[in-house]
Amino acid sequence: MEEQFILRVPPSVAERIDRLLSENASSSSDDKSLDLSFSEDGRSGTFMIGNERFPTSLLDLPSIVESYKTYDDSVLIKTADIGQVIMVREEGDAAPDVVEYKHGLTPPMRDARRRRFRREPDLHPELVQRVEKDLVNIMAGGTAENVDIAEDGGINARSNVTKKAMAPPPAGKPDVPDGGGNVGEPPRSDGSDSDESDDSM
């Protein structure tokens, strides 16, 4: 696998990079040098083209992007998984205050985290610790102490550790007379002569 990254630049910088890549090496230009350096936090840095500096930010993409290479326009070979993008900003633009970029690389992935992915549940850390403790108790052969059964059939974790009184066991089956099978049929005998007819009818 190769090491690849996505560099997203403003339109003015994109024109200069395109012009630099299309020129041959012998031509003289002010934009000959490209440099990218990051600060100690690894998330912010500086992009230099020629003598101009642009602030950059390293952001996580909402999903992993696979890149492919082809030599004959029919067979594709996967070359990398890309999960981050380097965003180059103009000098006056504000730095993003988040680590994850909310958009993908293509228009259908605009605001992908909100539109395409399931929302992460809001779980309180204490609830997670209680459930984890109960799971360990159950696996060790004990019982769960922090769980009660709600009236709608769901399971709810309680905030206190007091045990709820156990419901009494269900009452036994009511006594039903044991003579009635199917209605309208004569009672069957359990004897060995089951093919004999009953003459009492």
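Residues are numbered from 1 along each chain as its sequence is written, and side-chain values use heavy atoms, with hydrogens and water left out. Because the model is predicted, local features need pLDDT of at least 70 and side-chain atom pairs count only at pLDDT 80 or more, while totals for chains, interfaces and linings use all residues.

The protein has 3 helices and 7 strands, where helices (H or I, at least four residues) and strands (E, at least two) are DSSP runs numbered from the N terminus. Along the sequence these elements follow the pattern β-α-β-β-β-β-α-α-β-β. Of the 201 residues in the protein, 19% are buried; buried means under 20% relative accessible area, exposed over 50%, and partly exposed in between, with a 1.4 Å probe and protein chains only. The protein exposes about 16,500 Å², and carbon and sulfur atoms supply 52% of that area. Accessible areas come from the Shrake-Rupley method with a 1.4 Å probe, and for residues only the protein chains shown count as cover. Among contacts (heavy atoms within 4.5 Å) between residues at least 6 apart in sequence, 45% join residues at least 24 apart.

Next comes the sheet. Strands of a sheet pair through backbone hydrogen bonds, either parallel or antiparallel. Here, two strands count as paired if DSSP finds at least two bridges between them. An open sheet of 5 strands runs in the order β1-β5-β4-β3-β2, and its pairing is mixed. β1 (6–8) and β2 (34–38) stand at the edges with a single partner strand each, so one side of each has no neighbour in the sheet. From one strand to the next, the twist averages 40°. Helix α1 (residues 11–22) packs on this sheet and touches β2, β3 and β4 (52–70); the direction of α1 makes about 50° with that of β3. For such angles, axes are lines fitted to C-alpha atoms, for helices over the stretch in contact, and angles run from 0 to 180 degrees between N-to-C directions.

β3 (residues 44–49) pairs with β2 in the antiparallel sense over 5 bridges. Within this pairing, Phe38 stands opposite Gly45, and Leu36 stands opposite Phe47. The two strands form a hairpin with 5 residues between them, and Gly42 in the turn has a positive phi of about 80°. β3 also pairs with β4, again antiparallel, over 6 bridges. Gly45 has Thr56 as its bridge partner in β4. In the hairpin of β3 and β4, 2 residues lie between the strands, and Gly50 takes a positive phi near 65°.

Salt bridges form the next topic. A salt bridge is a side-chain nitrogen of Lys or Arg within 4 Å of a carboxyl oxygen of Asp or Glu, and by this rule the count is 4. Arg16 and Glu52 form one of them, at 2.4 Å from N to O. This pair links distant parts of the chain, with Arg16 in helix α1 and Glu52 in strand β4, 36 residues apart. Arg16 is buried at 14% relative accessible area, while Glu52 is partly exposed at 39%.

Arg43 and Asp60 also meet in a salt bridge, at 3.2 Å from N to O. Here Arg43 sits in the loop between β2 and β3 and Asp60 in strand β4, 17 residues apart. Arg43 is partly exposed, with a relative accessible area of 27%, and Asp60 is partly exposed at 21%.

Glu66 and Lys78 meet in another, at 3.3 Å from N to O. Glu66 lies in strand β4 and Lys78 in strand β5 (residues 76–88), so the pair ties together parts that are 12 residues apart in sequence. Glu66 is partly exposed at 43% relative accessibility, and Lys78 is partly exposed at 34%. Salt bridges with shared partners join Glu66, Lys78 and Asp81 into one network.

The last stop is a loop residue. Most residues other than glycine have a negative phi. Asp73 is not a glycine, yet Asp73 has a positive phi of about 60°. Asp73 lies in the loop between β4 and β5 and is exposed, with a relative accessible area of 75%.
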